[in-house]
Amino acid sequence: MSRRDLAYRLRDLAYRKRTGSFIASLSNPEPMARKRLLTAEEAVLLHLLDYSRYSEGDAVPIDITQAGISSVIGVRRSHVSISLDAAKARETVEEHLSRVKGEKRKRKCYFLTAGGKDQAREIQERVGSSQVAGKLPDGSDFAGALSEMLKLLDGARLPRAALLVSEGIIKLPEISRTQVDTSANQIPKVENFVGRAEELSKLEDLFSGKIKLLALTGMPGIGKTSLMSFAAARFQGKVFWYNITEWSSPRNISAHLADFLDRMEFSRLRRYLDAHEIPDLGDVRDILTSLPFHVILIFDDCHKSSGAMKQFTKMLASVCQDSPNLGIGLVSRQVPDVLDIRQMLDSSQSVNICLEPLDDESSVALLLGRGLAEPDAKIIAKRGAGHPLYLMLASDSGDKTGPENVEDMLAREIASTLSDAENEMLSQLSVFREAVTSDALVETQEDIELLEELENRSILSNLDGWLMHGLLKDYYYARQAPKDRESRHEKAAEFYNLYSPGLDGQVECLHHLFEARDFDSAVNGLISRGSNLLGHGYVDEVLRMCALIPANWQNPDDQFGIEFLKASAHDLTGNWSDASASYEKCLSIARELDDTERQAETLRRLGAIQYRKGNLQDAKSIFEQALGMVQSKDLQAELQGSLGVALWKLGDASAARKAHEIDLELSETGKNSRGISRALNNLGILDWQADDSTTALERYATALKYAEKIPDNRLIAILYSNMGDVHRTTGKSQEAKRYYERCLELAEDLKFNWQVAEAYRGLAQVMPEKRADYLSRALAIFERLGADDDAKTVREMIV
């Protein structure tokens, strides 16, 4: 048996032990490949120890169901199931049907036996006293007992932390930012570059500042990234490089850009992000416009951009127009679908390069540079038709015969020449949608060596995260059996759950749970995290995942949670017809469950839609109906705020102020930051209409501090608009314009279409040169939303 075969066997043995394919004795566990502090089964016991006060007859937290255990400790569901079966066989754990808090039905829940508690306490003592070393979130070094480290980490729990320890080293995931590095500011290395003289000349115009914006487009594998990388590497100035994925976000890119600019001794963006968890696009634009030196920003794979990233790119295009020091390069399979950029590409300040295949001379030169003899190079060049990826793959073998398309070449020149372990690694990597660290792929040192070998063969690249070419990724993903693919998605979900707790990581974890068909874990995770994701602009992602839930999902508590998420997402985007339909379904489910709190919250949402449609009496009646059944003080406060807004629109300012004051009092008593911000905003509107602009601005400023602290981006957008109104009516047009623009960009990022229209209406009043255009845009949105009163007001302004 070869050394490599032996390594594969050892890796497989260690993997089976770690995952529970067979369970080592808890009292005398055999050593595992990565020398972890505990097994998955021990982690489950340690987790259940924290819930030992509950018994089967109690209303228990969801954290002691299989899905809850998996989510909390970061171990995939199938491994939790295996571990629980083993623990039940050892009589350390019992399974009972218990009622989960907030739900009507019973679920399978897990409780430690007396012997299980003793076993868990022994594990707790052993693991907690284990000596570990690592870096704390503030960057300082730590060495000592794991239990002592946990005292320095807010909210960290022993089971999850112990699973992060390998070889005595603990690698803590970052909490405040996206966890998976997408190769920001790492220009890909290019070897043996040939041809493209005309295109290079145009690229030099971007790097020299002659043009502001360049889009480089072309078919997959045609050499777009290589060309841009080669040009960027020759440039002696400052270049920021970012690879976009389907789930890249303005938050992530702003953080990477801030790090880059910080190294250039420009720290404004870093200081801003330190004070704001969620960046406002208007603020970022203002900061970038003030750059004191020339910078080129390159964005690769722009065709993968989400809606939020398209808005970010749109903002950058506007910065290019205003700043002499910023240039933008966009690499994509097609011209980025952003209106402002398409318009700019027709100007003298921007260029679109559509990359064509290499000419015959360049194709031969590329092959010669890779070591082929000239006769062979000419044969392969002719067959390759100038496609660089095909030529590179063919040159590895020098084979002049065989398949004549790239897909067949992938099968012949890559898959058939790799070991089973290497093909497995590529199959696992293909399920990820973005670059991932080695933790997602490796178990042993031999695995790391396999990765490096694949990198040496140009099959993978590693720029602070492992990547494979899109064509290669599609090839490996499409050829997996469904069960194998689901297993790999489950492993990917475990990676994100354990190593990537940020918002982007949560989205990726949920995506992989759905693809793994672990619907129970996926649904529970989506319900528990969905509202927060919506609040940060992940509208499309939430709706897409809601659509993945099987139509026959019968749990009424889950049905309410998912339907409410769908309704909230539609509500955010102004799709009131679908939102109302979903809210009505929620109301029906809540009545069946006899849950008055859920009924009241749903009625509040339905009343808000009636308010936006201009049906003020209907809205008022719905709010009063909800107030008559609600017990929660926070929900009472919110309903008082909604009622006050309806009363204000109906012309009863005195009753409206009373309702908002009740809202403020209840919110302050409950220390509800969101409620305080809401009430101050509404009272500020009343002050402004009473011509007390000073008090109005003071209330808005205080409300903004609370909203940013939460953060509540939806309310922040509303406050920007309201502050713009005050400045406009007091004659401060430039200040008003600044706030309206901030409102517009944030509302567009959130897909908060109602507020987008409000921002256009405000901008029209302070920018006479664009008044007709902006009023037309506002009118179109209000008409589409069915906001008849607002549409009427805008028509009167147009006349």
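**Entry: the H35/H36 pair**

I started with H35 and H36, which cross in a left-handed way. This is a predicted model, so I keep that in mind throughout. H35 covers residues 733-750 and H36 covers residues 753-766; they pack at an angle of about 160°, with their axes 9 Å apart. Anything over 145 degrees counts as roughly antiparallel, and so H35 is roughly antiparallel to H36. Next I listed who makes the contact. From H35 I have Ser 733, Ala 736, Lys 737, Tyr 740, Glu 741, Cys 743, Leu 744, Ala 747 and Glu 748. From H36 I have Gln 755, Val 756, Ala 759, Tyr 760, Gly 762, Leu 763 and Val 766.

**Entry: H23 against H24**

I then went to H23 (residues 503-515) and H24 (residues 519-535), whose axes come within 9 Å and cross at roughly 155°. These two are therefore roughly antiparallel to each other. H23 passes H24 in a left-handed crossing. On the H23 side I noted Leu 503, Gln 506, Val 507, Cys 509, Leu 510, Leu 513 and Phe 514. They meet Phe 519, Ser 521, Ala 522, Gly 525, Leu 526, Arg 529, Asn 532 and Leu 533 in H24.

The loop between H23 and H24 holds Arg 517. I checked its backbone: phi of Arg 517 is near 65°, a positive value in a residue other than glycine. Arg 517 is also exposed, with a relative accessible area of 52%.

**Entry: another positive phi, and a cis bond**

Lys 671 is not a glycine, yet I read a positive phi of about 50° for it. I place Lys 671 in the loop between H31 and helix H32 (673-689). Is Lys 671 buried or exposed? Its relative accessible area is 73%, so I put it down as exposed.

I also looked at the peptide bond from Ile 710 to Pro 711, and it is cis, with omega near -10°. Pro 711 belongs to the loop between helix H33 (693-709) and helix H34 (713-729).

**Entry: His 660**

I found His 660 in helix H31 (residues 653-669). It has a relative accessible area of 2%, and since buried means under 20%, His 660 is buried. What does His 660 touch, not counting residues up to four places away in sequence? I wrote down Gly 641, Gly 644, Val 645, Ala 679, Asn 682, Leu 683 and Leu 686.

**Entry: the cores**

How many residues are in the largest nonpolar core? I get 93, and those with the most contacts inside it are Leu 146, Leu 426, Phe 432, Leu 441, Leu 460, Tyr 476 and Leu 526. Helix H2 (residues 40-49) gives the largest share of this core, 7 residues. Apart from it lies another core, of 78 residues, and its members include Ala 600, Ala 707, Val 756 and Leu 763. Val 756 and Leu 763 are also among the H36 residues I listed in the contact with H35.

I zoomed in on Leu 426. Leaving out residues up to four places away in sequence, Leu 426 touches Ile 414, Leu 418, Leu 454, Ile 459, Leu 460, Met 468 and Tyr 476. As background, nonpolar side chains tend to be buried together in soluble globular proteins.

Leu 450 sits in helix H20 (residues 445-456), and it is buried at a relative accessible area of 4%. I took the C-alpha to C-alpha distance from Leu 450 to Met 425: 8.5 Å in space, for 25 residues apart in sequence.

Thr 39 lies in the loop between helix H1 (3-19) and H2. With a relative accessible area of 16%, Thr 39 counts as buried. Thr 39 and Ala 162 are 123 residues apart in sequence, and I get 9.5 Å between their C-alphas.

**Entry: whole chain and confidence**

Of its 799 residues, 57% count as buried. Among contacts with a separation of 6 or more, 64% come from residues 24 or more positions apart.

The chain averages a pLDDT of 82, and 85% of the residues score at least 70. I flagged residues 1-34, where the pLDDT is below 50; beyond near neighbours in sequence, this stretch has 55 contacts in the model. Residues 175-184 also have a pLDDT below 50, with 41 contacts in the model beyond near neighbours in sequence.

Definitions and conventions:
Residues numbered from 1 in each chain as written. Predicted model: local features only at pLDDT ≥ 70, side-chain atom pairs only at ≥ 80, totals over all residues. Heavy atoms only, no water. Core = buried A, V, L, I, M, F, W, Y, C linked by side-chain atoms within 4.5 Å. Buried < 20%, exposed > 50% of the residue type's maximum accessible area, 1.4 Å probe, protein only. Helix = DSSP H or I, 4+ residues; strand = E, 2+ residues; numbered from the N terminus. Contact = heavy atoms within 4.5 Å. pLDDT = per-residue confidence, 0-100. Axes fitted to C-alpha atoms, helices over the stretch in contact; angles between N-to-C directions. Parallel < 35°, antiparallel > 145°, perpendicular 65-115°, else oblique. Left-handed = near helix turned anticlockwise from the far one by under 90°.
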